[in-house]
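Please keep the sequence and the structure in view while reading.

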Amino acid sequence: MASPSQSKVCFFFDGVQFYFPNRTALKDFVVRSFRKEGIKLGGLNIIFCTDKRLLEINRSFLQHDYYTDIITFDLTPPGNEILEAEIYISIDRVKENAANHHTTFQLEIHRVIFHGVLHLCGFGDKSQAEQATMRGRETKLLNSYFGKIVS
């Protein structure tokens, strides 16, 4: 995916535009987060898209017929220890979730990105216990990235 001189994390915008400051700092933080979890990152594409696009992906690849904020794909070839992955994020869902949870768009977009990173590190969110662990880890990453701002 990325050559050694380029970032291992790349952002793509598929039919959406929004203000997204400090991209380089976030990319570096994501790479460090994988390293702390013992994951060797080859490349990660984060694709920001619309509800419509993410619903198409959800239907086509997961056979789910509902809106979601994120879908994460581990594309690492079998037997390879270097992670290659894609994360698709619906900006429509992120905006709605931010409003519903009384938080800012910037915090919510980072929470969702970190959620995808955690999935790629092996954390699940199917059971209540897994969801609680996931939320705690998201909060830890948000506080580490922004400074202590989330409880």
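## Aromatic pairs

Rings of Phe, Tyr and Trp (its six-membered ring) are paired here if their centres lie within 6.5 Å; planes under 30 degrees apart count as stacked, over 60 as edge-to-face and the rest as tilted. By this rule there are 14 aromatic pairs. One of them joins phenylalanine 18 to phenylalanine 48, edge-to-face, with 5.2 Å centre to centre and 85 degrees between the planes. Phenylalanine 18 lies in the loop between β1 (9-13) and α1 (23-36) and phenylalanine 48 in strand β2 (residues 40-49), so this pair ties together parts that are 30 residues apart in sequence. Helices (H or I, at least four residues) and strands (E, at least two) are DSSP runs, numbered from the N terminus.

The model is predicted: local features need pLDDT of at least 70, side-chain atom pairs count only at pLDDT 80 or more, and totals for chains, interfaces and linings use all residues. Residues are numbered from 1 along each chain as its sequence is written, and side-chain values use heavy atoms, with hydrogens and water left out.

## Burial of the rings

Buried means under 20% relative accessible area, exposed over 50%, and partly exposed in between (1.4 Å probe, protein chains only). Phenylalanine 18 is buried, at a relative accessible area of 14%, and phenylalanine 48 is buried at 0%. Another aromatic pair, phenylalanine 29 with phenylalanine 114, is tilted, with 5.3 Å centre to centre and 50 degrees between the planes. This pair links distant parts of the chain, 85 residues apart: phenylalanine 29 is in helix α1 and phenylalanine 114 in helix α4 (residues 105-120). Both phenylalanine 29 and phenylalanine 114 are buried.

Ring pairs also link Phe11, Phe13, Phe18, Phe20, Phe48 and Phe105 into a cluster.

## A charge over a ring

A charge sits over a ring if NZ of Lys or CZ of Arg is within 6 Å of the ring centre and within 35 degrees of the ring normal. Arginine 93 lies over the face of tyrosine 67, at 5.3 Å from the ring centre.

## Helix packing

Axes are lines fitted to C-alpha atoms, for helices over the stretch in contact, and angles run from 0 to 180 degrees between N-to-C directions. The axes of α1 and helix α5 (residues 128-146) cross at roughly 130 degrees and come within 11 Å. That makes α1 oblique to α5; angles under 35 degrees count as roughly parallel, over 145 as roughly antiparallel, 65 to 115 as roughly perpendicular and the rest as oblique. On the α1 side the contact (heavy atoms within 4.5 Å) is made by Ala25, Leu26, Phe29 and Ser33, and on the α5 side by Leu141, Ser144 and Tyr145.

Helix α3 (residues 91-100) and α4 have axes 9 Å apart and pack at an angle of about 120 degrees. That makes α3 oblique to α4. Ile91, Val94, Lys95, Asn97 and Ala98 of α3 make the contact with Phe105, Glu108, Ile109 and Val112 of α4.

## Two single residues

Glutamate 108 lies in helix α4 and counts as buried, at 4% relative accessibility. Leaving aside neighbours within four places in sequence, glutamate 108 is in contact with Val94, Asn97, Ala98 and Thr103.

Glycine 122 is found in the loop between α4 and α5. Is glycine 122 buried or exposed? Glycine 122 is exposed, with a relative accessible area of 63%. From glycine 122 to alanine 85 is 13 Å in space, C-alpha to C-alpha, and the two are 37 residues apart in sequence.
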